[in-house]
Amino acid sequence: MFAIIETGGKQYKVAAGDSLKVEKLPKTDKGEVIFDKVLLVADGEKVQVGDPYLKGATVTAKFEEDGRAKKIVVIKYKAKSRYRIKTGHRQPFTKVKIEKIA
C-alpha cells in the first residue's frame, strides 16, 4: 500500500515504514505529524484518486530529526565590472518516518 502526499509545495510517494526529508515542519508536542493533503492511495488492487485531495484520507508520520541540507554555493558574476559575489545557502528540513496510511 502506498500514497502520494503533498507538503511544502512538493509531492512525495510514501509507504508505511519509509523515511523521508520534507520541508521544515513546526514541532508538535506528541512528536507526530498528520498529512491530510493526500492525492492518491493505492493498495494491491484498488486505486483511489482525489480531486484534488481525498476526503478523509490521512498519512501519519513520526518526527525523527530536524536538520539542514548540504551547503549550496551561489556565485554572481558580471564581466568587465569587477562584480563578484559568493554566498551559500543551507535549506532546513525535517526527517519523518511514515507510520500508517488511513
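Trainee: Is isoleucine 75 buried or exposed?
Mentor: Isoleucine 75 counts as exposed because its relative accessibility is 61%. Exposed means over 50% relative accessible area, buried under 20%, partly exposed in between (1.4 Å probe, protein chains only). This is a predicted model: local features need pLDDT of at least 70, side-chain atom pairs count only at pLDDT 80 or more, and totals for chains, interfaces and linings use all residues. Residues are numbered from 1 along each chain as its sequence is written, and side-chain values use heavy atoms, with hydrogens and water left out.

Trainee: Where does isoleucine 75 sit?
Mentor: In strand E8, residues 72-78. Strands are DSSP runs (E, at least two residues), numbered from the N terminus.

Trainee: Which residues make the nonpolar surface patch?
Mentor: Val73, Ile75 and Tyr77 make it, with about 340 Å². Patch residues have over 30% relative accessible area and no salt bridge, and nonpolar side chains are joined within 5 Å. Areas come from the Shrake-Rupley method with a 1.4 Å probe. A salt bridge is a Lys or Arg side-chain nitrogen within 4 Å of an Asp or Glu carboxyl oxygen.

Trainee: New topic. What is the strand order in the sheet with E5?
Mentor: E2-E1-E5-E6, an open antiparallel sheet. Strands pair if DSSP finds at least two bridges between them. The edge strands are E2 (10-15) and E6 (47-49).

Trainee: How many bridges join E5 and E6?
Mentor: Three, in the antiparallel sense. Leucine 40 has valine 49 in E6 as its bridge partner.

Trainee: And what order does the sheet with E10 have?
Mentor: E3-E10-E7-E4, open and antiparallel. E3 and E10 (residues 92-101) pair over five bridges. Lysine 21 stands opposite lysine 95 in E10.

Key. Helices (H or I, at least four residues) and strands (E, at least two) are DSSP runs, numbered from the N terminus. Patches are made of residues with over 30% relative accessible area and no salt bridge: like charges are joined within 9 Å, nonpolar side chains (Val, Leu, Ile, Met, Phe, Trp, Tyr) within 5 Å.
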